[in-house]
Amino acid sequence: MSYIFRHMENRILELSKSYSAILLTGPRQAGKTTMLRSLAEKENKGRKYVSLDDLAIRDMAKNDPALFLQIHKPPVLIDEVQYAPELFSYIKMAIDKGAAPGSFWLTGSQPFKLMELAQETLAGRIAIIHMPPLSQHEIYGNDETEPFSIDLEK
């Protein structure tokens, strides 16, 4: 299957110029990781990808977040960050020490609990964005669909 452009891609790149951390939330299988990995490739800054689905990596992130961030240096994409909320305090410290805009891209699929924790810990330092599932417009492309109309005579 080919990659489907998401309308929020430019917004993510713009926010990355202002915020050191971006948290992208949304339902499972909405395309969060796929989109961010594609954007990381396009930005060509050497952004590393690390998934907390890997139990060994998750264990390190939970039990030694400082070591985790030493190994996985920015710019970094940390997938499924809800599994290691301990990282937020260490990301905050990195930002307070001058982490560049766009240093941390985070994904998570438990938006309410995750957003609350991120807002408490990283207030003013993080942009939080919710990704909905694909829209019909994204699925079928810009030129192939007509806008919705209630004109019954068409």
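The following dialogue examines a predicted model of a protein.

Student: What share of the residues in the protein is buried?
Tutor: A residue is called buried when its relative accessible area is under 20%. The protein has 154 residues in total. The buried share of them is 42%.

Student: Why is strand S4 described as largely enclosed by the rest of the structure?
Tutor: Strand S4 covers residues 104-108. Phe104, Leu106 and Gly108 point one way from S4, Trp105 and Thr107 point the other way, and all are buried. In a regular strand the side chains alternate between the two faces of the sheet. S4 is largely enclosed because the number of its five residues that are buried is five.

Student: Which residue of S4 is the bridge partner of Ala21?
Tutor: Strand S1, residues 21-25, pairs with S4 in the parallel sense. Five bridges join these two strands. For Ala21, the bridge partner in S4 is Phe104.

Student: Which residue stands opposite Leu106 in S4?
Tutor: Strand S3, residues 76-79, runs parallel to S4, and three bridges join the two. Leu106 is buried and points the same way from S4 as Phe104 and Gly108. Opposite Leu106 stands Ile78.

Student: What distance does helix H2 reach from its first C-alpha to its last?
Tutor: Helix H2 spans residues 32-43 and has twelve residues. At 1.5 Å a residue, the expected reach is 16 Å. The model is close to this expectation, with a reach of 16 Å.

Student: Which elements are included in what covers the buried residues of H2?
Tutor: The buried residues of H2 include Met35, Leu36, Leu39 and Ala40. An α-helix has 3.6 residues a turn, so residues three or four places apart point the same way. The cover of the buried residues includes helix H1, S1, strand S2, S3 and S4.

Student: Which residue follows H2, and what is its phi near?
Tutor: The residue after H2 is Asn44. Its phi is positive, near 55°.

Key: Residues are numbered from 1 along each chain as its sequence is written. This is a predicted model: local features need pLDDT of at least 70, side-chain atom pairs count only at pLDDT 80 or more; totals for chains, interfaces and linings use all residues. Side-chain values use heavy atoms; hydrogens and water are left out. Buried means under 20% relative accessible area, exposed over 50%, partly exposed in between (1.4 Å probe, protein chains only). Helices (H or I, at least four residues) and strands (E, at least two) are DSSP runs, numbered from the N terminus. Two strands pair if DSSP finds at least two bridges between them. The expected span of a helix is 1.5 Å times one less than its number of residues. Contact means heavy atoms within 4.5 Å.
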